[in-house]
Amino acid sequence: MAKKKYSGFWNFLAGKLLRNRILVICIIIGMTVFLGSKWKNMRFTYTEANLLPDHDTVNIQYNKFLDIFGEEGNLIVLAVKDSTLFTPEKFNAWNRLNRQLQALPETTLVMSTENLQTIKKNVEKQKFELKPLSKGTIKNQSQLDSITDKLFNKLPFYNKLLFNKEDRTLRSVVYMDKEIVNTSVRKDFIFNDFIPLIENFENETDLDVRTSGMPYIRTLNSQNIIDEISLFIIAALGVTSLIFFLFFRSFRATFISMVVVIFGVMWAFGILGLLNYKITVLTAIIPPLIIVIGIPNCIFLINKYQQEYQKHNNQAKALQRVISKVGNATLMTNATTAAGFATFIITESKLLKEFGIVASINILAIFLLSLTIIPIIYSFMAKPKTKHLKHLNSKWVEGFVSWLEHLVKNRRISVYIAAVMLLTASIIGIYKIRVSGSIIEDMPKSASFFKDIKFFEKEFDGIMPLEIMIDTKRKNGVMKLPTLRRMEELQKLIEETPHLSQPLSVVNLAKYIKQAFYNGNPKYYDLPTSQENSFILAYLKNGGVQGNVLSNFVGEDGQVARITTFMKDIGTDEMEKIEDDLKTKIDKLFPADRYTVTVTGKAYMFTKGTNYLINNLIVSLALAIFLISLLMAYMFRSFKMIIVSLIPNILPLLITGGMMGYLGIPLKPSTILVFSIAFGISVDDTIHFLAKYRQELKLNNWKIKKSVFAALRESGVSMFYTSIVLFFGFSVFMISSFGGTKALGGLVSFTLLFAMLSNLVLLPTLLLSLERSVANKKEFIEPNIDILTHDDEEDGDDDMEKEPENEPTKK
């Protein structure tokens, strides 16, 4: 009953599509125009990927920090390490550059030698005053030497902030307006104003300026992602069309497949705009992903059309049977692929949720496009000629299938030994996998801004901000000496911690003020004693520096303070060790009843986000397996067959995990995606094979061996074609300059290649070995959905088998 119901539906659909092909084309074009009108809503994200859900404690704490101190990632840093900088001509040019940067409306402050302020004690007025390090243009070398001597030897407050005393590296800190740092204005500022000024300075002085900071890194990194979208689309179209042509040796078949995937790409961009989702590093790969996934649909449908035409030389019947006979199979394989992507929706990470939604919708969309466009376009074309069908009898493909039959028939023990050896080696490799929560690890290693990041890590101990927020739970509690001393102890631990830079906080300011009280003597750069504090406070109460400087380190009411440090590019393991050391010290120094201390910052957020994703990896992968198992249970209605079919698809995932361990590829946000994506795609081959196998069992009166080899021979060609396209299609992502995208492409390609071999060798081997327990008639009761219909089934509408009146004449 179910069989007739579903066959009838696909026969009905085939008839409607082909009779109303002009209307269907108009609907597709209308949808494309509508979605094309939504392209204007597409925009790139200008913030870092937040991998944590909004309700996560770490996220809430970070937002609290932003409410008190504002955006922390608004610093751009410039540095020059060159002895020739300390000549009057070049030093004046450096100061002039900093004045030009300060004059830009997008910057709120530029800290540099040009406007560096020193704290001076005014005995007459009994207050501290801010005095510039230098005034006006430097006229001679002796004047410059005096300034640099004072800078490097008498101002420890600015060491590792504006200079590195050991290497005499000079740095400037540019504060962008916090209101625009996460908007499109940032991009215009960086490319139209900031970079041209730097380039002019370099041309004028022949000095190499190193530039970094989160706004700068994010802008250049984002532009690289945008540039790669078109590169991926062109490369994916080129590679897949070439392979398609090599298989089919037909320009028109290649042309039709390109039409399908181009419509798919246009819809992908339109759906992004329709949902008002920003383009991220993940959603950027969806258009080329649709090309890679869409081409196998085209191969399967066009191959079926040509096979049908070869049988009976009736174009109309062949076109109808493309839809009626393989509609279910194509739907189910696309549904399983979409299910693999849809599992990301449950992660509660906005980045992955949007990726999962858009990818799964577009996979189902490319299914609809391929199922409608291919038969309709062919209906307007001449009948296939002998040359178009020649590939169906390709000798090398026959040789490949014969080799597979030989393995399954005569090398069963060898297949199992190889599978067990691979499984054992993979499990060992999995234990070697490390976790990485680095913001910059996936960035292009060859990019100049990445090299500059490494420069700042060496000269100033890091560039990724890490913040410690201390709430004293009372107004003006920060400026109490006991609190300052506790903070100083914590800062000493930070200074001694590898991978962290010298911290900066109100403690440093208090030390500088004491130094100023003692007429700038650097040996007094220390926290004041209780007695000294009373004298210093008398000076501070008269104004001069407190209001100008404190706002960067202390909240408005004096209750909350921050300690800012910067991290090198380290992995999650190192970050967790540092966090444990810091929290141990914090618990000793700051009693919980009097202080609330929070570790936060962008680098910390990214690390926690990576851990969150990894913790959800097993859940999402398990869900993908569960959902796909449900689909297969609905199709085959056999629990034992589900177990047998999962083994060839889980083994490639384990092999990939082992390879990651051996090759040192870490688990990170980009590589975490591999497993669910690959599983959702690879199980398509299993569905094709088992559907054909079940059909052959009925035709061959439940003769197991004959059915297995018949299924292998007929399904093997299409499975090989589609797997090769997927392998090379995903390999396109390996041309990316981003480590994560490159790893994603390579790992998915590798997994799908192993999945193909596993489904073509291990799956039939299992069926033959376990034929008595799983491959019998009782296990194959009538399914809910008949995946593949028999050749002798009715096609529904007899008149559809007649040649259409307006069919083009043969040329």
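Leaving aside its neighbours within four places in sequence, N95 touches T113, E114 and I138. You'll find N95 in helix α4, which covers residues 88–103. Is N95 buried or exposed? With a relative accessible area of 3%, N95 is buried, because anything under 20% counts as buried.

Let's zoom out for a moment. What you're looking at is a predicted model. The chain has 811 residues, and 59% of them are buried. Its secondary structure comes to 26 helices and 10 strands. Now take the contacts in the chain with a separation of 6 or more: 81% of them are between residues 24 or more positions apart.

Next, some helix packing. Two packed helices are described by the angle between their axes and the distance between those axes. Who meets whom here? From α6 come R186, K187, I190, F191, F194 and I195, and on the α7 side they meet P215, Y216, R218, T219, L220, S222, Q223 and I226. Sorted by class, this contact has 8 nonpolar, 3 polar and 3 charged residues.

Stay on α7 and look at its contact with helix α8 (residues 251–274). The axes of α7 and α8 come within 9 Å and cross at roughly 155°. That makes the two helices roughly antiparallel, because the label applies to angles over 145 degrees. Their crossing is right-handed. On the α7 side, the residues involved are I229, I233, L237, T240, S241, F244 and F245, and in α8 they meet F251, A253, T254, S257, M258, V261, I262, V265 and F269. What does this contact of α7 with α8 look like by class? It has 12 nonpolar and 4 polar residues, and no charged ones.

Time for a sheet. Strands of a sheet pair through backbone hydrogen bonds, either parallel or antiparallel. Here you have an open sheet of 3 strands in the order β9-β8-β10, with antiparallel pairing. β9 (560–567) and β10 (596–600) stand at the edges with a single partner strand each, so one side of each has no neighbour in the sheet. From one strand to the next, the twist averages 15°. Strand β8 (residues 464–471) is joined to β9 by 8 bridges, and the two run antiparallel. For a spot to look at, find I470, which stands opposite A561 in β9.

Helices pack on this sheet too. Helix α16 (residues 481–496) touches β8 and β9, and its direction makes about 10° with that of β9. Helix α20 (residues 572–589) lies across β8, β9 and β10, running at about 20° to β8.

Most residues other than glycine have a negative phi. R168, though, has a positive phi, near 55°. R168 lies in the loop between β5 (163–164) and β6 (169–176), and is partly exposed, with a relative accessible area of 36%. N276 also has a positive phi, near 60°. Where does N276 lie? N276 is in the loop between α8 and α9 (286–312), and N276 is partly exposed, with a relative accessible area of 43%.

Note on methods
Residues numbered from 1 in each chain as written. Predicted model: local features only at pLDDT ≥ 70, side-chain atom pairs only at ≥ 80, totals over all residues. Heavy atoms only, no water. Contact = heavy atoms within 4.5 Å. Helix = DSSP H or I, 4+ residues; strand = E, 2+ residues; numbered from the N terminus. Nonpolar A, V, L, I, M, F, W, Y, C, P; charged D, E, K, R; others polar. Pairing = 2+ DSSP bridges. Axes fitted to C-alpha atoms, helices over the stretch in contact; angles between N-to-C directions. Parallel < 35°, antiparallel > 145°, perpendicular 65-115°, else oblique. Left-handed = near helix turned anticlockwise from the far one by under 90°. Buried < 20%, exposed > 50% of the residue type's maximum accessible area, 1.4 Å probe, protein only.
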